[in-house]
Amino acid sequence: MNAVEAHKREKHPLDVLDDVREYADDGCSFAEIEDRAGDGEWERLKWAGLYAHGKHDDYFMLRTKAPGGFLTPEQAAVIGEVADEFATAPDEFGGADQNELWGDAFLDLTTRQDVQMHWIEIEDVPEIWDRYDEVGLTTVQGCGDSARNVLGCPAAGLDDHECFDAQPVVDAVTDFFTGNREYANLPRKFKLTITGCAHDCAQSQINDVGLTPARKAIDGESYYGFHARVGGGLSDGPRMASPLDVFVRPEDAVEFCRAVAQTFKELGDRENRGVCRMRYLVEQLGPDAFEEAVRDRCTVDLRERGTDLTEGYVGDHVGVHDQREDGLQYVGFNVVAGRMGGDEFAAAARAAREYGTDDSSIRLATDQNFLVTHVPEERVDDLLAEPFAAEYQPDPGPFSRGAVGCTGDEFCNYAIIETKKRTKRWARELDERIDTPDDLDVVRMHMSGCSASCAQPQIADIGFRGETVAVDGDALASDVTTNAEGDALVEGMDVGLGGALGGDNEFLDWVETAVPAESVVPALEELFEAYADERADGERFYEWTRRIENDRLRDVMQRAAGPVASGVAHGD
């Protein structure tokens with residue numbers, strides 16, 4: 001039995017919720033927590049939404065769930081206020097000047113429609129939870145081997161391309177799994193996505209369970225429901241989800257998801273953490289056998305597939321958009337790398353109340369951006385004139401619009417490189433330096449600090465994953481760290497090209513490996529110059545990179561190679 005499973009058997013992970021209040025009352029340090037409960041408590045604390053990254057003792061990352069990305073203005077205001085008050089760095093780690101781009105008291109919008117905060121102390125968690133309880137928010141199972149935040153389309157109930165509003169189903173599935181002791185201890189994390197949107201904004205192809213809109217004739221009547229995909233995921237061993245031959249009625253979605261979780265719980269690998277995600281089980285059994293196992297455990301009749309209503313993948317809601325209701329619009333704000341001040345997020349919530357209708361909301365998107373909904377057309381300019389909006393305008397350049405960055409080595413113990421600041425700086429720099437075609441409104445550029453794929457690089461036009469790179473030490477300053485061979489060790493990354501979801505489902509190819517970070521922007525300039533010269537009429541960037549041989553793409557990027565980039569190799 002692996003160590004994590006042993007920790008979970010010592011004590012049910014949800015029992016840690018009571019422990020947190022006890023630790024808070026006693027003002028426990030990390031050392032005192034471990035003395036009381038052993039090192040397994042760090043795993044169990046994830047079920048409370050608390051993650052000890054290992055970078056800063058006695059400070060946690062706190063993850064808040066927003067099912068389907070939906071937040072009321074009251075909920076969003078509380079989140080922003082909590083970040084502004086509690087997500088503050090101590091003086092020994094820089095205090096208000098900890099980060100030259102964002103300062104202090106910021107929050108991160110994630111690719112799973114969560115909100116993350118750093119520098120949280122255990123004694124503040126009960127008060128945060130009490131504030132959350134008042135507005136219906138939770139951090140329970142924000143992390144850990146259980147059902148995570150359920151994804152949905154951030155424009156649910158708003159757009160004409162939506163077949164039906166699936167947000168009630170997202171909420172029902174969330175309510176079933178949150179705090180459910182029977183399904184809180186699974187072999188590994190369990191990621192679900194549910195959407196009634198024809199554009200599959202919730203990324204069914206890369207989740208453990210993906211429900212997408214469908215229609216089927218039953219007893220002479222046509223009904224909306226879902227088709228199902230299972231076994232998708234990224235990180236090491238990426239896999240596109242497999243379709244099942246099932247039609248799931250909305251009222252049966254909770255039971256279907258429960259049956260899938262039951263199958264994973266009973267048949268999933270609990271020994272090897274490297275292969276215990278559900279996608280490995282689907283691959284091992286095969287989709288047909290997995291479907292049969294789900295049917296055996298499901299208490300409702302699962303009919304065969306009907307007519308699929310998915311038309312492709314969009315995943316971008318930046319800009320000003322008309323809603324179904326006459327005279328109403330929603331505004332998608334661009335948050336480069338997903339990071340913004342807690343005070344700014346609270347200001348956006350207040351603006352939603354002031355300029356929107358009673359139905360106005362804040363919606364979090366999987367590209368780390370957010371929406372303000374139900375704004376009368378005549379109030380949109382007032383919303384865009386708000387101080388918070390100056391930094392997050394809905395008409396960014398293509399690189400800023402598509403920029404996604406993980407937490408990076410600033411806080412994450414797994415990351416090899418810094419990502420947040422680099423993502424924002426590069427996006428703004430590329431928007432200034434590269435003259436993209438007029439019809440190219442977005443370039444999806446995703447940066448992960450390691451191979452864990454939190455920034456989803458495999459589905460991006462351009463994907464990065466962090467590396468340590470050894471280069472010729474003579475080309476650099478003498479104070480750079482070197483290895484035993486005398487090579488300088490610098491931050492770098494693997495560069496991948498050509499990822500996409502939708503009808504063009506395909507993971508990118510890792511075209512170039514171990515590129516020093518300072519060589520990447522010049523290489524991309526060369527690449528986009530070639531793209532502008534060679535693209536077919538209307539050809540998207542990812543389509544061009546797929547058409548061109550990888551050796552040619554590599555040669556184009558290496559035109560920009562200076563002495564630092566020459567002869568690179570993977571670091572130790």
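1. The second largest pocket in this predicted model is lined by 23 residues, and those lying nearest its centre are Gly136, Leu137, Thr138, Thr139 and Thr178. Its volume is about 460 Å³, and by class its lining has 9 nonpolar, 8 polar and 6 charged residues.

2. Several elements contribute to that lining, with helix H2 (16-26), strand S3 (70-71), helix H6 (125-135) and helix H7 (167-177) each supplying at least two residues. The largest share, 4 residues, comes from H7.

3. In one, the ring centres of Phe30 and Phe60 are 4.9 Å apart and the planes stand at 55 degrees, so the pair is tilted. Phe30 belongs to helix H3 (residues 30-37) and Phe60 to strand S2 (residues 60-64), so this pair ties together parts that are 30 residues apart in sequence; both Phe30 and Phe60 are buried.

4. In another pair, the rings of Tyr531 and Phe541 have centres 5.3 Å apart and planes at 90 degrees, so the arrangement is edge-to-face. Because Tyr531 lies in helix H15 (residues 520-534) and Phe541 in helix H16 (residues 541-547), the pair ties together parts that are 10 residues apart in sequence. Tyr531 is buried, with a relative accessible area of 0%, and Phe541 is buried, with a relative accessible area of 0%.

5. Other ring contacts should be noted: Tyr59, Phe93, Phe106, Trp119 and Phe411 form one aromatic cluster. The charged end of Lys265 sits over the ring of Tyr183, 5.4 Å from its centre, while that of Arg339 sits over the ring of Trp102, 5.1 Å from its centre.

How values were computed. Residues are numbered from 1 along each chain as its sequence is written. This is a predicted model: local features need pLDDT of at least 70, side-chain atom pairs count only at pLDDT 80 or more; totals for chains, interfaces and linings use all residues. Side-chain values use heavy atoms; hydrogens and water are left out. On a 1 Å grid over the protein atoms alone, a cavity is a set of points where a 1.4 Å probe fits but cannot get out, and a pocket is an open set with protein on both sides within 12 Å along at least five of seven lines; lining residues have an atom within 4 Å of a point. Grid points are joined across faces, edges and corners, and a volume is the space filled by probe spheres set on the points. Ala, Val, Leu, Ile, Met, Phe, Trp, Tyr, Cys and Pro count as nonpolar, Asp, Glu, Lys and Arg as charged, and the others, Gly among them, as polar. Rings of Phe, Tyr and Trp (its six-membered ring) pair if their centres lie within 6.5 Å; planes under 30 degrees apart count as stacked, over 60 as edge-to-face and the rest as tilted. Buried means under 20% relative accessible area, exposed over 50%, partly exposed in between (1.4 Å probe, protein chains only). A charge sits over a ring if NZ of Lys or CZ of Arg is within 6 Å of the ring centre and within 35 degrees of the ring normal.
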